[in-house]
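Q: Could you walk me through this structure with me, starting with how the chain is divided up?

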Amino acid sequence: MRDLNALIEECLKFRHVYVYGDGEVGRLMRVYLHEHRLEISGFLTTYKPKKNRIMDVPVYELESLNSNLTDTLILICMHKKYWEKAIEYIKKLGYINYIIIDDTLRISAEEATLFDHLYEDVEQKINVLLFHRVENLETSFSIIVNEKNFEDQLKYICSRYKVLRCDEDWSNVDRKSVALTFDDGYIDFYTKAYPLLKKYNVPATVFISTGGIDNNKEFWWDELEHILNQNRLPNTIKTKRKEFYVNNFKNRSELINDVREEIINNTFCIRDEEIDSLKNQVNPYLKSRPKYRTMNTKEISCLSMDPLITIGAHTVNHILCDFENYNVQREEIKNSKIMLENIIDKEVNLFAYPNGNIGKDTRSILKDLGFVRSFTCEHASIEYDEHVFDIPRSAVLNWDYSQLEQRFRGIWQTGKNI
Ligand SMILES: [Zn+2]
């Protein structure tokens, strides 16, 4: 689909337009289309929906939808890792008309949506915000917020919302509140984010992957970027399943993103083998990069003495839980918890799923190991009743003050009830 105008034109050809996916993207599209005078017939979900209605329209389980096959258009509004399955499922049920809302359409819709009307009656009271890094760095990732923007974001947040701690009781929250979380445990949490959190007296939780503590090991995605940003690359880069022709890419960021997408969905052993193999192919000169390390024992221990900061676990090797077996998950989660508890001399009972990926037994492992809350990365539908182990989060990107206001309205309007 070329752009939003083409999307609307296409939607107008059908009697029924459904949004498949009731997460952030789906809700955004509902608002966007409504603002352009196009009412959808409902949301579709893969599993039995928890609510009969969301944002004023009905919700149906796709399988039980009884709609005219040729007169129905389905907008696929979910993370790209689910696209293939979603299309397969749609086709299996006989629907032939569908459009994927990809990143380009989503971003244009975000920019074109005012979030100005319709949903005055905000359902949720708490929004958990997800940050990764606060640093002044140019990279191919959008998850790094620069210091100036971060300070503006904090000022904005403090002036409008109550800021909760992730380890406090949320049952009696009576006004719009946010909680701040930071994933991975990069050194810049200590050097850049923490001083500003202190300045504005804002509590935050940092989820640390322990594999990089007290060594200079970088996270695999940073190492990948470092390897593929070398001046000289061979003509082709090979992974286990694919070959990438370097000259076919417009720039290095595209190459890096594609290779990352190719190797991310693996067990951490295979992922590390892929990184080693890339090193062998590129033979890179990898200089040490102090800004890419994880916080060390001393820094973590110092943070934990400040009542503003809560430390949470994030596995040892930043594993994708749904790609690992029960034993690996358990060891990874347990060992990260134990290591952090030894450093801070306090119990660690909060967890963030690396990359938001959850295996079918991850929640029971967490419960078993004494965790009380765990946080996802995206607004995926909740399949289980255990909401405390599925707390969604809204990512905050490198937005300046003027972008922030609109984005925040979006977060409240389209975010999930928790
Ligand atoms: Zn992470």
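Domains and packing

A: The C-alpha centres of domain 1 and domain 2 lie 30 Å apart, with bounds that come from an automatic or database domain assignment. This is a predicted model, in which local features need pLDDT of at least 70 and side-chain atom pairs count only at pLDDT 80 or more, while totals for chains, interfaces and linings use all residues. Residues are numbered from 1 along each chain as its sequence is written.

Q: Which residues go to which domain?
A: Domain 1 covers 4–112, domain 2 covers 126–215 + 290–414, and domain 3 covers 220–282.

Q: OK, helices next: at what angle do α2 and α4 pack?
A: Helix α2 (residues 24–35) and helix α4 (residues 103–112) pack at about 50°, with axes 10 Å apart; helices here are DSSP runs of H or I of at least four residues, and strands are E runs of at least two, numbered from the N terminus. Axes are lines fitted to C-alpha atoms, for helices over the stretch in contact, and angles run from 0 to 180 degrees between N-to-C directions.

Q: And which residues meet there?
A: Val25, Leu28, Met29 and Tyr32 in α2 meet Arg106, Ala109, Glu110 and Ala112 in α4, where contact means C-beta atoms, placed from the backbone, within 7 Å.

Q: Switching topic, what is the strand order in the open sheet of six strands?
A: The order is β3-β4-β2-β1-β5-β6, with mixed pairing, and two strands pair if DSSP finds at least two bridges between them. The edge strands, β3 (53–54) and β6 (98–100), each pair on one side only.

Q: How many bridges join β1 to β5?
A: Five bridges join β1 (residues 16–20) to β5 (residues 72–76), and these strands run parallel.

How values were computed
Two residues are in contact if their C-beta atoms, placed from the backbone, lie within 7 Å.
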